[in-house]
Amino acid sequence: MFDKHTYHAQNQPVEPMCPQSNIVQQATNDQMLIEMFLHNRSSHTQRAYRRDVESFLECVNKPLRQITLGDLQQYSDSLFQKNLSPVSIKRSLWAIKSLFS
C-alpha cells in the first residue's frame, strides 16, 4: 500500500537503482573530466563547449579543482568586456557552469 507521502512495496524484491555493472568511471585529471563532460554531445556542441572551457581555463590559469566562484565571476566580466553577443556569453557561461555541476 502507499499513502501520499511514501510508497512501501509489500513482499516485492527491490531492484537496485544503479546496478554495479553500470558504475561510472571517475575522472582522474582535468582533461579526462572535460572529455567525460563532452561525451554524448553533438560534434558541434563538443567543439563549442571545448573552446569555451579551454578559453576559461587559459584565463584563470588554475586546475579545475582550485577554481572559485570569484574566478567564474571575473571570467564572466571579461566576456562582457570583449563585446561578445549575449547569446555567445550565455552559451560560454552555461558550458563552464555545467562542467562544475
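In helix α1, residues L33, I34 and F37 meet A95, S98 and L99 of helix α4, where contact means heavy atoms within 4.5 Å. The residues of this contact comprise five nonpolar, one polar and no charged; Ala, Val, Leu, Ile, Met, Phe, Trp, Tyr, Cys and Pro count as nonpolar, Asp, Glu, Lys and Arg as charged, and the others, Gly among them, as polar.

The model is predicted: local features need pLDDT of at least 70 and side-chain atom pairs count only at pLDDT 80 or more, whereas totals for chains, interfaces and linings use all residues. Residues are numbered from 1 along each chain as its sequence is written, and side-chain values use heavy atoms, with hydrogens and water left out.

Helix α1 spans residues 30–38 and helix α4 residues 86–100; their axes come within 10 Å and cross at roughly 110°. Axes are lines fitted to C-alpha atoms, for helices over the stretch in contact, with angles from 0 to 180 degrees between N-to-C directions. The two helices, α1 and α4, are therefore roughly perpendicular to each other, a term that covers angles of 65 to 115 degrees.

Across the whole protein, the secondary structure amounts to four helices and zero strands, helices being DSSP runs (H or I) of at least four residues and strands (E) of at least two. Among contacts between residues at least 6 apart in sequence, 42% join residues at least 24 apart. Of the 101 residues, 25% are buried, that is, under 20% relative accessible area with a 1.4 Å probe, protein chains only.

Technical notes: Angles under 35 degrees count as roughly parallel, over 145 as roughly antiparallel, 65 to 115 as roughly perpendicular and the rest as oblique. Buried means under 20% relative accessible area, exposed over 50%, partly exposed in between (1.4 Å probe, protein chains only).
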